[in-house]
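Student: Could you walk me through this structure? I am new to it and would like to start with the inside.

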Amino acid sequence: MKRKPNEAQLLLADVLRDTGYEWKPEYKIVAGRKWAWDFACRELKLAIELHGATWIQGRHNRGAGFQNDRSKMNAGIVRGWQTLEFSTEDVLKGRAADTIREWFEKASEREAAKPKREFLEVRKA
């Protein structure tokens, strides 16, 4: 059973919704594996990972969890995905929104993905 989303997860979901793209939560990467990204946009091939419990030796910081995360990230890379990774603090302090905005700015420079809404201006306020 999934836990109720915390403040950072809800805020991150709002930031992603503002891009105008469809983001799937708990998106499965590889059939037959338990791996899932916290959020993924298939159209952009962009995944978002939110790492919590960074100051209390949470799952992402301990040996087996850390190693499993590396395998998961590499599985995405070899399938052509990019992943942005954030801590809870990154989301709550606005750094995640800034990085996502920067990703769209750089993608726009490469004439790849452009936000479907005024995301770049909306989140700067």
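This is a predicted model: local features need pLDDT of at least 70, side-chain atom pairs count only at pLDDT 80 or more; totals for chains, interfaces and linings use all residues.

Student: OK, how many residues does the largest nonpolar core have?

Tutor: The largest nonpolar core has 22 residues, and those with the most contacts inside it are Leu 12, Trp 23, Leu 44, Ile 48, Phe 86 and Ile 100. Such a core is a set of buried Ala, Val, Leu, Ile, Met, Phe, Trp, Tyr and Cys residues joined through side-chain atoms within 4.5 Å, where buried means under 20% relative accessible area, exposed over 50% and partly exposed in between, with a 1.4 Å probe and protein chains only.

Student: And which elements give two or more residues to this core?

Tutor: They are helix 1 (7–17), strand 2 (36–41), strand 3 (46–51), strand 4 (82–87) and helix 4 (95–109), with helices (H or I, at least four residues) and strands (E, at least two) taken as DSSP runs numbered from the N terminus. The largest share of this core, 6 residues, comes from helix 4. A second, separate core of 10 residues includes Tyr 27, Ile 29, Val 30 and Ala 40.

Student: Back to Ile 48, what is it in contact with?

Tutor: Ile 48 lies in strand 3 and is buried, because its relative accessible area is 0%. Leaving aside neighbours within four places in sequence, Ile 48 is in contact (heavy atoms within 4.5 Å) with Leu 12, Leu 16, Trp 23, Trp 37, Asp 38, Phe 39, Leu 84, Phe 86 and Ile 100. From C-alpha to C-alpha, Ile 48 and Leu 12 are 9.3 Å apart in space, although 36 residues apart in sequence.

Student: Which residues of helix 4 are buried?

Tutor: In helix 4, Ala 96, Ala 97, Ile 100, Arg 101, Trp 103, Phe 104 and Ala 107 are buried. Seen down the axis of helix 4, the buried residues fall within an arc of 150°, so they line one face of the helix; the arc is that of the directions from the helix axis to the C-beta atoms.

Student: New topic: how many aromatic pairs are there?

Tutor: A search of the whole structure finds 4 aromatic pairs. Rings of Phe, Tyr and Trp (its six-membered ring) pair if their centres lie within 6.5 Å, and planes under 30 degrees apart count as stacked, over 60 as edge-to-face and the rest as tilted. Trp 37 and Trp 81 form a tilted pair, at 4.8 Å centre to centre and with 40° between the planes.

Student: Why does that pair tie together parts that are apart in sequence?

Tutor: Trp 37 lies in strand 2 and Trp 81 in the loop between helix 2 (63–78) and strand 4, so the pair ties together parts that are 44 residues apart in sequence. Trp 37 counts as buried at 0% relative accessibility, and Trp 81 counts as buried at 11%.

Student: What about Trp 103 and Phe 104?

Tutor: Trp 103 and Phe 104 form an edge-to-face pair, 5.1 Å centre to centre with 90° between the planes. Both residues are buried, and Tyr 21, Trp 103 and Phe 104 form one aromatic cluster.

Definitions and conventions:
Residues are numbered from 1 along each chain as its sequence is written. Side-chain values use heavy atoms; hydrogens and water are left out.
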